[in-house]
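The sequence and structure come first.

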Amino acid sequence: ILHYLRQPLLARPRAHPLALGMSASSVVWDLSLREKSEDTFSTLEPLADFGVSGGASSGSSGHEVATNELAPQDLYSVLFGPSHTADTSVLFAWWPKAEAWSHNELVERCTRCLPGVRPGVDLVALPRLGEVEELWAAWAAHHGMDAWQALWFDPFPLHSASRAKPTPPEAALDEVVAALPVHMALGRLLFYPMYLTSAMVVACESYGMPAIGDAADHRICQLGSAKAWLHPHINPQKRGPSLRDALPAAKVGLTATARGPWGYIASSTEELQEAMRKLRGELPRGTRFVLKPSWASGGDGILVDVKEEQLGSFEFPPGGQHTAILEEFVEGSGESPTLYMLGAEPCGPLADQILADNGTVNDGNRWPSILASEQLTQTCVAAAKDIQRVWGLRSQWGLDFVIDRNGAPIIVDLNMGRPNGNFSVRLWESRFCQNLYLHTSSWKPPAGVTAEVFFTALKERGLAWDPEALQGVLVYQHFQGQSSAYVAASANSWETVDSYIGRLQELMAELGDLGIGSRAYVQR
């Protein structure tokens, strides 16, 4: 699959977002979304049409491209919309929300965007923390970044002689804007935060900076709590629209369409217990259940095969603003595809999630999927479009599926309100003239293994990303003892990618054995 002739420039023309055997009219943006809804803030407009680029198979019509023969896609053009050119500069500021402003969150979130930062074009806001400064120095040296592209902010300034306080995201923005290079004009710079909160909306407007993203305050619910929309509330007085309304034809046991897992939202321990009683009457005997706090992220706090006695001791955070989901535990076939969307259009085909801990933790993705059939892809995309018609999002969002034992895709999560975990890698991939096979994952570098040591070791072993051969390993996070992300990629085949993964794991094991003395590795 993905057989493309290499073009002379490492830049892609504007391409059709995705042609999955659908007619051209089916992939045009919904023109009703051109009018800005009152709950959405963004100065970026959706693209009306991209047209079909070269790359279609000879057996396809001018309006159809097979799922496994997708034309290379420039995601920057799709993300920016028609009012900005693909080379418009972006200020990536992927810092956490104020309530999650901590050392580890800052280190991980702010660097997640690095693959998407284009050399000599974009800017990135980074916290003045030792491991981030170390990572940037190695990243810039190995990937052709200029010093002016990093804008540093103080995450924990001293407010007295002995006490430091977290910097509010809006204050960090003030510091970052003050450090902008003189050749960067605010009005021509696109600001890309991880979370477009109401306070960040006001800050963007005060600077006259167009923002990329969907406002967190959506008319349906907070985008960060969108997973709660998968189900109706167990209390009819608190019930609003849900996925059951968007996909009314989806029923348990059907395979021709996607559906959500059967479940309910609850706001208290008593409501959780009522939800379990109701679900036991609606689902087959022996169905197991999973409990998902709406405030959880990345699998944290999820209880699989939860029992009624556990519900009795489950505690909600104070304030009365939080909910939890009790839903059927989907007995899956082992497949768990994920789909990235930009507004109403897919960012390419499905990816396969790499799951750990009984399927509750996402340990990476493999894109494009090697398991998904064209029919499955069509079904998942159709469900995403039905959901988009309700939400009217403009920027990047995604949804995760589990394939049940009947072969039906079950929507188990909605990821809205922030760039999804591997989106920066997909941005990076879209800069090349050929589609790449991508395997993203993470590891915990041992003590003593610095970013420069690891980057140098990758180069010495012939593992580092080679932009001419279009293959290799791109490490974009490196924090000793903390989960750090990388991607193995190739334009050739999955076999090539897996070869790199095997050699990479050997290097990681060797560096782990060396531990604190690993600095000597680069001196051998």
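## Overall make-up

Accessible areas come from the Shrake-Rupley method with a 1.4 Å probe. On that basis the protein chain exposes about 21,600 Å², and 51% of this area is supplied by carbon and sulfur atoms. The model is a predicted one.

The protein chain holds twelve helices and 17 strands. Of its 524 residues, 55% are buried. Among the contacts with a separation of 6 or more, 70% are between residues 24 or more positions apart.

## Nonpolar cores

The largest nonpolar core has 96 residues, and Trp95, Trp428 and Phe454 have the most contacts inside it. Helix H12 (residues 494-514) gives the largest share of this core, eight residues. A second, separate core has 26 residues, including Leu247, Ala258, Cys380 and Met416.

Which residues does Trp428 contact, leaving aside its neighbours within four places in sequence? The contacts of Trp428 are Tyr76, Pro115, Leu436, Leu438, Trp465, Leu474, Val487 and Ala489.

## Helix H3

Helix H3 covers residues 130-143, which is 14 residues. At 1.5 Å a residue the helix should span 20 Å, and the C-alpha atoms at its ends are 20 Å apart, so the two values agree. Gly144 follows H3 and has a positive phi, near 70°.

The buried residues of H3 are Val132, Leu135, Trp136, Ala138, Trp139 and Ala140.

## Val475 in strand E16

Val475 is located in strand E16. Its relative accessibility is 3%, so Val475 counts as buried. Not counting residues up to four places away in sequence, Val475 touches Trp139, Phe454, Phe455, Leu458, Ala485 and Tyr486.

Tyr486 is eleven residues from Val475 along the chain, and the C-alpha atoms of the two are separated by 4.3 Å.

## A four-stranded sheet

Four strands form an open sheet in the order E5-E8-E6-E7, with antiparallel pairing. Strand E5 (263-266) and strand E7 (303-304) stand at the edges; each has a single partner strand, so one side of each is left without a neighbour in the sheet.

Strand E6 (residues 289-293) pairs with E7 over two bridges, in the antiparallel sense. Val290 has Val304 in E7 as its bridge partner.

## Salt bridges around helix H7

The salt bridges number 18 when a side-chain nitrogen of Lys or Arg has to be within 4 Å of a carboxyl oxygen of Asp or Glu. One of them joins Lys238 and Glu271, with the closest N and O atoms 3.1 Å apart. Lys238 lies in the loop between helix H5 (198-207) and helix H6 (243-246), and Glu271 lies in helix H7 (residues 269-282), so this pair ties together parts that are 33 residues apart in sequence. Lys238 is partly exposed, with a relative accessible area of 44%, whereas Glu271, at 12% relative accessibility, counts as buried.

Glu274 and Arg277 form another salt bridge, with the closest N and O atoms 3.0 Å apart. Both are in helix H7 and are three residues apart, which means that about one helical turn separates them. Glu274 counts as partly exposed at 35% relative accessibility, and Arg277 counts as partly exposed at 47%.

Glu331 and Arg405 meet through their side chains in a salt bridge (3.6 Å, N to O). This pair links distant parts of the chain, 74 residues apart: Glu331 is in the loop between strand E8 (324-328) and strand E9 (337-342), and Arg405 is in the loop between strand E13 (396-403) and strand E14 (409-415).

Glu331 counts as partly exposed at 29% relative accessibility, whereas Arg405 counts as exposed at 65%. Which residues do salt bridges with shared partners join into one network? The network consists of Arg288, Asp305, Lys307, Glu331 and Arg405.

Key
Residues numbered from 1 in each chain as written. Predicted model: local features only at pLDDT ≥ 70, side-chain atom pairs only at ≥ 80, totals over all residues. Heavy atoms only, no water. Expected span 1.5 Å × (residues − 1). Buried < 20%, exposed > 50% of the residue type's maximum accessible area, 1.4 Å probe, protein only. Core = buried A, V, L, I, M, F, W, Y, C linked by side-chain atoms within 4.5 Å. Contact = heavy atoms within 4.5 Å. Pairing = 2+ DSSP bridges.
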